[in-house]
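Thank you all for coming.

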Amino acid sequence: MPSTSISVRKKAKALLADHSLGPDQQTRIALFIQGVKGINAAVLAKIEFQPFEWAPYRFLHNQYFKEVELSTLIGRATEWSTNPMVYMEATSLNLALWEKTEAAKYMQAPFQVDALFYEYLALSHAFMADIRFLPLLPAHLPLDTPFLAALAEIEEENGRQIQSQIRLLKDLDIGLSDRDKEQLIDSKWAVVEGLYDRLLSEVTASIEQQIQQDQEAE
Amino acid sequence: MPKFNYKGHDVHYELYGEPGSPVVTLCNGLSMRTSHWAPYFELLPKLGLRVLTYDMIGQGASSKPILGLDFDDHAASLNALHEHLGIERPYVMGISFGGVVVLKYAYTYPDRVGGILPTSTFSEMDEQLRAHAYNLYMGLVRVGFEFYLDLLIPLNFSDKWLRENKELIGIIKRVGMTSFELYGIQNLMESLANFESITGNLDRIQCPALIMNAEYDALTPRHLHDTMRRHIPNSRLMLIPHVCHAFTLEVPELTSRLIADFVRQVEENRWQGDQSVWIANEDPQKEPVAFPCEGDPLRFIPLPAGEPKRPAGRKTTGKTQQTGRKGAAKSGPARSPKTSGHGKPNQPKTRSRS
């Protein structure tokens, strides 16, 4: 992990040790997660055109419906912000999400076992493995608010999906060596890391702004 | 955070204690990381040892290649780490998964090891261990990491510890859930998927070996440790009372004392690798810290070994292999009874104090 990512995450962890996630931060996080789940759902929707016997079908079918379920779950659990600027910035981040992940290119032709499909699996894996909020929260913090409970459920489900995804990433023969596969996976990780860092920077800036406002109000 | 690069992968390590002291390398179990050894960072240096811990590739703060690693790479990367740090003949302890790495390391790099402490581990899988491994794997893959930890916790800790640490358990699980890359654990488990017995290689291990097994280890039970004892010529088996698979977390003072005594015996040429079985005292300050096992070490029901028992006299034991680093010692360790005679191969060798 690049040192910038490490420092962004350390800073977020330090702030979240003492401050809870308010509506502005919840909104940013929820819209980002919905953006990610939206990309996965949009790509995976075409899985229903694949034959039932196609080896990855059962797994991707399961993931498709889980993504929709979890996206709506976080939507229900979020305390939405009333600040329009939050939505503007979140939309800008989501545009970057679609652009930098090149999500549109995975939506076109039907799935087949080729480099493009493998690339998508690598991207989806990076989404699930890298975008984790629980490690940033104090271990003793109860996950008993609707928002935190939903985050926990999403990460638990992501953990399950990752296990099957790893099997596909390991076993799919797309004519690449393991080293080339690792490089491809690393490149997708780097993109997702950058986007997640941006979200965390915006969330921490928003918390700091909140702290400043609270201090001024006192 | 010190890191060493092995074949393009970062290996995170920590080294404590005075340079020049004998080095004990601690190898993690499957879902461990260096911080699990934190008590040893103080305890072992106080006992005159230097302690090296590291996260295997796929664990903790080390690199986690998404596509995983061959199992053999773990012993090779450990050897590379020792070379990198200029450690020539370390004492290498490994628990559970790490214990298998240690066995492999010892027969692959016989010139680069002073002694080994395979702990809560195995050289071959029996059907119970296979079943546990399957449950853990399926729990991880199908239900989730939290359930995997739920399955592990009662195997790892004693009832007493669980009762006394009820509130800690939730935090342990949270830290475990959030500090691991889930695919890293899966990859480590899968690296053992095609594991074949290495028992046939154990006689290649010539260095002193103190095998440690908890009394109530239901995950890697006694007979798996006994197999190692019987096949490693220069070994002893130490039984740790009233604890379970992860006893190194539960009784670090006792474990440190046993490690330090072992290293001291080897360094002072007092080690006797006679394949005998010993029981540790619960009190780590006790002298001696261990006494010979007189019952059948393979039983939970404490029947005496080799029935019918002879009424009196010395009844056993196996060949005594004296092996300190600098040659054979003429007498046993000050706190250990001497051995004599030859027991039957492949049978537990016990000692009588009469």
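This is a predicted model: local features need pLDDT of at least 70, side-chain atom pairs count only at pLDDT 80 or more; totals for chains, interfaces and linings use all residues.

Residues are numbered from 1 along each chain as its sequence is written, chains are lettered from A and ligands numbered from 1 in the order in which they are written, and side-chain values use heavy atoms, with hydrogens and water left out.

Let me start with strand E8 of chain B, residues 235–240, where six of six residues are buried, buried being under 20% relative accessible area with a 1.4 Å probe and protein chains only. Strands here are DSSP runs of at least two residues and helices, H or I, runs of at least four, numbered from the N terminus. Ser235(B), Leu237(B) and Leu239(B) point one way from E8(B), while Arg236(B), Met238(B) and Ile240(B) point the other way.

Which strands pair with E8(B)? Strand E7(B), residues 209–214, pairs with E8(B) in the parallel sense over six bridges, and E9(B), residues 277–280, also runs parallel to E8(B), joined by three bridges; pairing requires at least two DSSP bridges between two strands. Asn213(B) stands opposite Leu239(B), and Leu237(B) stands opposite Val277(B) in E9(B).

Turning to the cysteines, the structure holds zero disulfides over all chains, a disulfide being a pair of cysteine sulfur atoms within 2.5 Å. The sulfur of Cys207(B) is 13 Å from the closest cysteine sulfur, that of Cys27(B), which is too far for a bond, and for Cys244(B) the closest is in Cys293(B), at 18 Å, again too far.

Finally, the rings: there are 18 aromatic pairs over all chains, counted when ring centres of Phe, Tyr or Trp (its six-membered ring) lie within 6.5 Å, with planes under 30 degrees apart called stacked, over 60 edge-to-face and the rest tilted. Tyr91(B) and Phe262(B) have their centres 6.1 Å apart and their planes at 85°, so this pair is edge-to-face. Because Tyr91(B) lies in strand E5(B) and Phe262(B) in helix H11(B), the pair ties together parts 171 residues apart in sequence. Phe145(B) and Tyr148(B), by contrast, are stacked, at 5.3 Å centre to centre and 25° between the planes.

Definitions and conventions. Buried means under 20% relative accessible area, exposed over 50%, partly exposed in between (1.4 Å probe, protein chains only).
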